[in-house]
Amino acid sequence: MAQFQKLGNIVFDTLMASSEVDQKFLGRFAKETNNSYAFLASKLYQILGLSVLLSKKLVRARRLRRLDTTRDTKSLQLYHHIIWLAREGLWILEEYVLPMVRNSTIYELKVLSYKLRASFYHIFVLFHNQPSINQTAIPSFSPLLNADVKGKGKARDSLRSSPPLNPLEGGPVRTAATLPPGLTPISIIKPSASFLLPAENYIPKASQYFEYAASLSETHLSGSHPIRLSVKTEYAAYLYDCLHDGEGSRKLAQAAIRDVYNAKEGMDDDMFEDAAELVGILGKMMKRGLGGAGSQGSGSGSTPRVGEGSTPGTTPRSTPRAGKIDVFNKGLPELPKER
């Protein structure tokens with residue numbers, strides 16, 4: 001499939017940086033709720049385990065650079081495993097966790113839970129979206145495709161319109177203008193993991209869930225909170241890599257860093273280091289696609305790797321930290337002044 005041929009290092013580093021923060025807080029919340037809400041804690045532990053396994057599979061997928069989903073190879077098995085892990089994690093989350101945290105006043109856990117829902121859909125968009133996020137056009141001349149559309153009641157995105165359907169037979173009307181001379185009908189091959197997850201367009205739901213998680217984080221968490229930064233980091237990567245909205249991604253990253261500069265809440269050493277790492281990535285993403293030394297190119301550049309943008313050895317060891325986080329200013333581009 002086309003999406004596996006072009007992913008490379010585009011998104012995996014951002015997913016890793018964000019998932020490390022998510023996993024740390026998942027383990028913390030599972031431990032804290034183990035005595036009072038044992039059932040919730042057990043589900044959080046299950047999602048944590050699936051998340052750790054999923055992270056390992058994503059690292060392997062990045063190293064392969066190209067997943068061949070048309071043959072029975074190790075990459076095909078890896079592709080199926082990634083889809084299965086994300087599907088199971090989403091099921092546990094939506095079936096058990098979200099109903100329990102929907103009205104919770106533990107806002108960190110609430111934001112994290114809704115962010116994880118968006119993350120699982122992000123995986124579906126990257127690995128299993130139909131049409132592919134890298135596919136520019138999908139011919140819709142296949143009888144098999146039209147029959148599939150009729151049966152499911154879902155239209156396929158395409159830059160070309162399908163031929164009119166015969167109301168009696170349900171297939172395309174065969175006229176001289178249906179196909180150019182010499183062009184035979186083609187069938188669109190469904191992704192091989194369709195038995196695990198329906199092959200459809202997951203972008204609308206993913207976009208909706210990222211927007212909701214970002215709104216929750218802005219309402220309930222401070223600008224420098226690692227969970228809020230995790231939401232913004234992955235959301236910015238999603239905009240750039242899946243929606244190809246470079247301008248929106250850069251603006252989101254810039255706004256997230258500005259919120260960190262303006263935050264006055266204190267934090268301990270662990271939260272500070274997590275936030276510093278994510279801010280370093282956001283600082284690189286502000287210049288992504290613009291060209292120059294700070295960018296990895298337009299459209300095909302890679303998301304900054306984990307650890308880039310943070311200055312080792314500059315983190316003070318006092319705890320808790322109060323006031324603005326001045327160390328974030330080091331090594332990052334200066335934010336443009338608001339007009």
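Me: How many of the 16 residues of H8 are buried?
Reply: In H8, 16 of the 16 residues are buried, so this helix is largely enclosed by the rest of the structure. Buried means under 20% relative accessible area, exposed means over 50%, and partly exposed lies in between, with a 1.4 Å probe and protein chains only. Helices are DSSP runs of H or I with at least four residues, strands are runs of E with at least two, and both are numbered from the N terminus.

Me: What kind of model is this?
Reply: This is a predicted model, in which local features need pLDDT of at least 70, side-chain atom pairs count only at pLDDT 80 or more, and totals for chains, interfaces and linings use all residues. Residues are numbered from 1 along each chain as its sequence is written, and side-chain values use heavy atoms, with hydrogens and water left out.

Me: Back to H8: how far apart are its end C-alpha atoms?
Reply: They are 22 Å apart, which agrees with the 22 Å that 16 residues should span at 1.5 Å a residue. The expected span is 1.5 Å times one less than the number of residues.

Me: Where does His225 lie?
Reply: His225 lies in the loop between helix H7 (203-220) and helix H8 (226-241). His225 has 7% relative accessibility, so it counts as buried.

Me: Which residues does His225 contact, leaving aside neighbours within four places in sequence?
Reply: They are Phe25, Glu108 and Met271; contact means heavy atoms within 4.5 Å. The C-alpha atoms of His225 and Met271 are separated by 7.3 Å, and the two residues are 46 apart along the chain.

Me: New topic: which residues does a cis peptide bond join?
Reply: The cis bond joins Gln130 and Pro131, with omega about 10°. Pro131 lies in the loop between helix H5 (107-128) and helix H6 (143-152). Most peptide bonds are trans, and most residues other than glycine have a negative phi.

Me: What is the phi of His244?
Reply: His244 has a positive phi of about 55°, although it is not a glycine. His244 lies in the loop between H8 and helix H9 (246-262).

Me: At what angle do H9 and helix H10 pack?
Reply: H9 and H10 (residues 269-285) pack at about 140°, with their axes 8 Å apart. That makes H9 oblique to H10. Angles under 35 degrees count as roughly parallel, over 145 as roughly antiparallel, 65 to 115 as roughly perpendicular, and the rest as oblique. Axes are lines fitted to C-alpha atoms, for helices over the stretch in contact, and angles run from 0 to 180 degrees between N-to-C directions.
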